[in-house]
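Work through the exercises below with the sequence and the structure in view. Each task is followed by a solution in steps.

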Amino acid sequence: ALEGDAERGEAAAGTCVACHQADGMGMNNPNGESWPRLAGLPAAYIAKQLHDIKEGRRESPSMMPFANMLDDQQIADVAAYYAELEPWPELPTAYHAADPNDEAEWLAERGDWAEGRMIPACSQCHGPNGQGVGDSFPPLAGQHAGYIVSQLEAWREGKRHNDPNDLMMGVAERLDEAQIELIADYYATL
Ligand code: HEM
Ligand code: HEM
């Protein structure tokens, strides 16, 4: 992969601020399309998403024209830039055991193994407290609820099929509508 330069990335990100905001925190839009937080996402993850959007493995009519404007070096640069921005509020780091009476927290940390459900815990891949793991598993804590919902729906509808092992497709298709709302709210406010 190309090495990114955060300073060049900042210059190339001039058009991104309209949606992802100057601080990279994006915005939750309850009545429309939510713009994801990019601040603090792993650079390799950001770069992968931009390539996936350009190449149609991830369908987004809003994002595609902007991804298309970037060449491979510019993708590496904007990825380096956004990865360096501090997410706020800070991502939670203190681990505490999940409360079985808190449906959202239990789903996040233990999954849903009721008859016929077989939903692995989100934390298996996204880490405890939704902090993210390595380059492949993005943090969910502090991501916007509207955006989380839209991505889970995109996987269910086959509009996002960029995950080589289809891990998220298997998760998203097993969640019911109530669980999607619940888990999105949970991570957004963690
Ligand atoms: C998603 C980068 C411009 C709207 C994303 C993602 C990245 C990104 C990396 C995926 C985030 C994730 O997976 O967590 C950029 C860059 C831009 C730019 C580098 C400038 C070159 C814009 C603009 C808009 C926009 C101007 C609004 C018109 C969105 C939306 C999504 C998104 C709606 C979610 C797409 C979906 O539902 O799959 N962007 N963006 N972006 N961006 Fe941008
Ligand atoms: C990405 C939610 C469980 C693997 C994502 C994203 C969301 C999400 C919203 C997109 C983040 C973004 O665009 O910035 C959830 C929820 C889960 C869950 C709510 C539990 C109910 C899992 C599990 C795995 C997994 C168990 C692994 C087996 C991944 C991977 C990606 C991802 C690999 C990135 C895909 C890509 O490269 O585009 N998840 N997830 N997730 N998730 Fe999950």
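**Exercise 1.** Decide whether methionine 168 is buried or exposed.

Solution. The model is a predicted one. Methionine 168 has a relative accessibility of 15%. The cut-off for buried is under 20%. Methionine 168 therefore counts as buried.

**Exercise 2.** Find the protein donors of the iron atom of ligand 2, and state where they lie in the chain.

Solution. Step one is to list the donors: they are His126, through NE2, and Met168, through SD. Both lie 2.0 to 2.1 Å from the iron atom. Step three is accessibility: histidine 126, at a relative accessible area of 11%, is buried.

**Exercise 3.** Name the arrangement of the donor atoms around the iron atom of ligand 2.

Solution. There are 6 donor atoms, and the angles they subtend run from 84 to 179 degrees. For six octahedral donors the ideal angles are 90 or 180 degrees. The arrangement around the iron atom of ligand 2 is octahedral because of its angles.

**Exercise 4.** Repeat the analysis for the iron atom of ligand 1.

Solution. The protein donors here are NE2 of His20 and SD of Met63, at 2.0 to 2.1 Å from the iron atom. Histidine 20 sits in helix 2 (residues 17-20), while methionine 63 sits in the loop between helix 3 (43-54) and helix 4 (64-68), so this pair ties together parts 43 residues apart in sequence. Histidine 20 is buried, its relative accessible area being 9%.

**Exercise 5.** Describe the shell around ligand 1 and the polar side chains that approach its oxygen atoms.

Solution. Begin with the count: ligand 1 is surrounded by 22 residues, the closest being Cys16, Cys19, His20, Arg58 and Met63. By type, the shell holds 14 nonpolar, 6 polar and 2 charged residues. Next come the distances to oxygen atoms of ligand 1. A polar side-chain atom of arginine 58 is 2.8 Å from one. For a side-chain N or O atom of glutamine 151 the distance is 2.9 Å, and for one of tyrosine 147 it is 3.1 Å. Last, the elements that give two or more residues to this shell are helix 2, helix 3 and helix 8 (145-156). Helix 3 gives the most, with 4 residues.

Terms used:
Residues are numbered from 1 along each chain as its sequence is written. Chains are lettered from A and ligands numbered from 1 in the order in which they are written. This is a predicted model: local features need pLDDT of at least 70, side-chain atom pairs count only at pLDDT 80 or more; totals for chains, interfaces and linings use all residues. Side-chain values use heavy atoms; hydrogens and water are left out. Donors are N, O and S atoms within 2.8 Å of the metal (3.2 Å for Na, K and Ca); water is not among the atoms, so sites may look incomplete. Four donors count as tetrahedral if all angles lie between 85 and 135 degrees; four count as square planar and six as octahedral if opposite donors are over 155 degrees apart and all others between 65 and 115; anything else is irregular. Buried means under 20% relative accessible area, exposed over 50%, partly exposed in between (1.4 Å probe, protein chains only). A residue is near a molecule or strand if one of its heavy atoms lies within 4 Å of it. A polar contact is a pair of N or O atoms within 3.5 Å; within protein, one must be able to donate a hydrogen and the other to accept it, and residues adjacent in sequence count only if both atoms are side-chain atoms. Ala, Val, Leu, Ile, Met, Phe, Trp, Tyr, Cys and Pro count as nonpolar, Asp, Glu, Lys and Arg as charged, and the others, Gly among them, as polar.
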